[in-house]
Amino acid sequence: MNLIRLVARPMLASTFIYGGINALRYTAALAEEAKPVNDEIREVAHKVAPSVPVPEDDKTMVRLNAGVHIVAGLGLATGKFPRASALALAATVVPTTAAGHRFWEEKDKGARAEQMTHFFKNLSMLGGLVIAGFDTEGRPGVAWRAQHAVGSAKKEAKHLRKTAKREAKLAAAGVRS
């Protein structure tokens, strides 16, 4: 891992780890804020995957989200499964932001400006997580490897076809002699 990743990943993860710990400390207050978003998540989940159990309790939803933030944040910070950790965190940023920074509902200009700042900060973090989630650390990704394997297989098949054709000609010529 290069120095930039060694430093940048823990920096990006720190907000999620800290936020997850605070969410566990203040679950009741956050559950009230999260209720509208949790209701939407439950509704969509029941339509898309009715057999998947989704907690009906808002406090449980907040705790689950906090757990993802802490575990995936630690994974990103330590470099253990950094891509999966970053993508797990990215998946939680949208509902967390929608629950906690609903600037469009604020009437007070000062409060609205503060919520907008947090909203766009989270949007920026989402961008960083997406970059981290697709970072191959300078190694070719799966798509490139698959495409390269197909190209190699085609070349090998072409070579084998030519060799077989040549061997068949030689065999036919040897049979006639």
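Me: Why is Phe120 called partly exposed in this predicted model?

Reply: The relative accessibility of Phe120 is 41%, and since the partly exposed class runs between the 20% limit for buried and the 50% limit for exposed, Phe120 counts as partly exposed.

Me: Which class, buried or partly exposed, does Phe119 belong to, and how do you know?

Reply: Phe119, which lies in helix 5 (residues 109-133), has a relative accessible area of 21%, and because buried requires a value under 20%, Phe119 is partly exposed. Setting aside residues up to four places away in sequence, Phe119 touches Thr97, His101, Phe103 and Trp104.

Me: Why is Phe103 called buried?

Reply: Its relative accessible area is 14%, and since the limit for buried is under 20%, Phe103 is classed as buried.

Me: How many aromatic pairs does a search of the whole structure find, and what makes the one between Phe103 and Phe120 tilted?

Reply: The search finds five aromatic pairs. One of them joins Phe103 and Phe120, with 6.4 Å from centre to centre and 35° between the planes; because stacked needs planes under 30 degrees apart and edge-to-face needs over 60, this pair is tilted. The pair links distant parts of the chain, with Phe103 in the loop between helix 4 (82-100) and helix 5, and Phe120 in helix 5, 17 residues apart. Phe103, Trp104, Phe119 and Phe120 together form one aromatic cluster.

Me: What makes up the largest nonpolar core, and which elements give two or more residues to it?

Reply: The largest nonpolar core has 14 residues, and those with the most contacts inside it include Leu12, Phe16, Leu76, Ala86 and Leu129. Two or more residues each come from helix 1 (3-25), helix 3 (58-78), helix 4 and helix 5. Apart from this core lies another, of seven residues, among them Ala23, Ala31, Val37 and Ala66.

Me: Which residues is Ala86 in contact with, leaving aside neighbours within four places in sequence?

Reply: Ala86 is in contact with Leu76, Leu129, Ala132 and Gly133.

Technical notes. Residues numbered from 1 in each chain as written. Predicted model: local features only at pLDDT ≥ 70, side-chain atom pairs only at ≥ 80, totals over all residues. Heavy atoms only, no water. Helix = DSSP H or I, 4+ residues; strand = E, 2+ residues; numbered from the N terminus. Buried < 20%, exposed > 50% of the residue type's maximum accessible area, 1.4 Å probe, protein only. Contact = heavy atoms within 4.5 Å. Phe/Tyr/Trp six-rings, centres within 6.5 Å; stacked < 30°, edge-to-face > 60°. Core = buried A, V, L, I, M, F, W, Y, C linked by side-chain atoms within 4.5 Å.
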